[in-house]
Amino acid sequence: MMNTHSKPQAPEDIVRDEKAQLDFSKSMSYGDYLQLDAILGAQKPLSPDHNEMLFIIQHQTSELWMKLMLHELRAAIANVANDELGGAFKMLARVSRIMEQLVHAWDVLATMTPPEYSAIRPYLANSSGFQSAQYRCIEFALGNKNAAMLKPHAHRPDLLAQVQAAYQAPSLYDEALRLLARRGLAVPASHTQRDWTQSYVESDEVEQAWLVVYRDPKKYWDLYQLGEELTDLEDAFRLWRFRHVTTVERVIGFKRGTGGTGGVSYLRKMLDVVLFPEIWKLRTDL
């Protein structure tokens with residue numbers, strides 16, 4: 001009986017038949033394009049402990065995701081300010097998915113046990129994620145303004161300028177409310193023409209404006225969709241914060257953080273910060 005199964009090709013034959021490019025002596029390679037020498041050479045453990053590599057890479061990859069998040073957030077804010085909601089929706093959806101990646105990054109760090117972390121902790125000195133300039137820009141872009149958080153960057157004028165710019169600019173929610181006002185909804189001037197460096201103050205009038213949108217989604221479909229994009233975004237951000245505090249408690253318990261905060265106690269307080277309060281309150285009042 002004839003064997004109908006052909007012999008598998010050898011790997012080298014597959015590569016040859018596919019005509020894959022193998023010589024990069026005169027052209028740009030994958031590693032060249034992605035600057036992999038710089039990226040993969042950026043891990044410099046200070047301790048002799050095996051587990052420090054995990055700690056470094058988890059935080060470095062998180063910073064890369066945050067760089068993309070800021071890239072998308074800034075563009076989304078500009079689009080909302082220019083009434084270009086289609087593009088903004090795409091960008092905000094991407095930000096929410098990036099936050100999901102950051103949530104899962106904590107799952108990897110959670111494999112570090114307390115004794116393993118204790119072995120590297122002395123080498124961290126006072127360095128802490130609390131000092132992340134990119135994270136601070138994200139929080140400011142989402143409306144959680146706090147002048148005290150400029151101080152950790154005072155020693156680096158370049159970083160301070162970035163954080164200061166985010167601190168002084170209208171947040172995503174500020175621009176969303178200005179958009180509602182441009183569409184004729186009764187958003188008070190106190191929330192469309194204000195000092196953007198100040199913490200956001202919840203307003204019954206703003207909630208009423210959002211309620212108009214949510215009570216007639218067909219008439220205000222794009223504004224309704226904007227409200228739901230904001231909901232998705234804060235939902236994802238809350239999960240990120242919650243996974244952070246849980247991982248910290250799992251690894252260090254209630255020890256003080258390397259950056260000087262109370263660690264878990266500080267992170268739990270941050271769980272109570274609501275970025276878009278009226279978006280959540282209206283669900284009760286609909």
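Rings and charges in a predicted model

Modeller: Arg136 lies over the face of Phe130, 5.7 Å from the ring centre. This is a predicted model, where local features need pLDDT of at least 70, side-chain atom pairs count only at pLDDT 80 or more, and totals for chains, interfaces and linings use all residues. Residues are numbered from 1 along each chain as its sequence is written, and side-chain values use heavy atoms, with hydrogens and water left out.

Biologist: What makes a charge sit over a ring?

Modeller: NZ of Lys or CZ of Arg must be within 6 Å of the ring centre and within 35 degrees of the ring normal. Arg283 also has its charged end over a ring, that of Trp280, at 5.8 Å from the centre.

Biologist: How many aromatic pairs does a search of the whole structure find?

Modeller: Ten. Rings of Phe, Tyr and Trp (its six-membered ring) pair if their centres lie within 6.5 Å; planes under 30 degrees apart are stacked, over 60 edge-to-face, the rest tilted.

Biologist: Why is the pair of Phe55 and Tyr117 called tilted?

Modeller: The centres are 5.9 Å apart and the planes are at 45 degrees, so the pair is tilted.

Biologist: Why is Phe55 called buried?

Modeller: Its relative accessible area is 16%. Buried means under 20%, exposed over 50%, partly exposed in between (1.4 Å probe, protein chains only). Therefore Phe55 counts as buried. Tyr117, at 8%, is buried too.

Biologist: What makes Tyr224 partly exposed?

Modeller: Its relative accessible area is 23%, and partly exposed lies between the two cut-offs.

Biologist: Which residues do ring pairs link into a cluster?

Modeller: Trp210, Tyr214, Trp221 and Tyr224.
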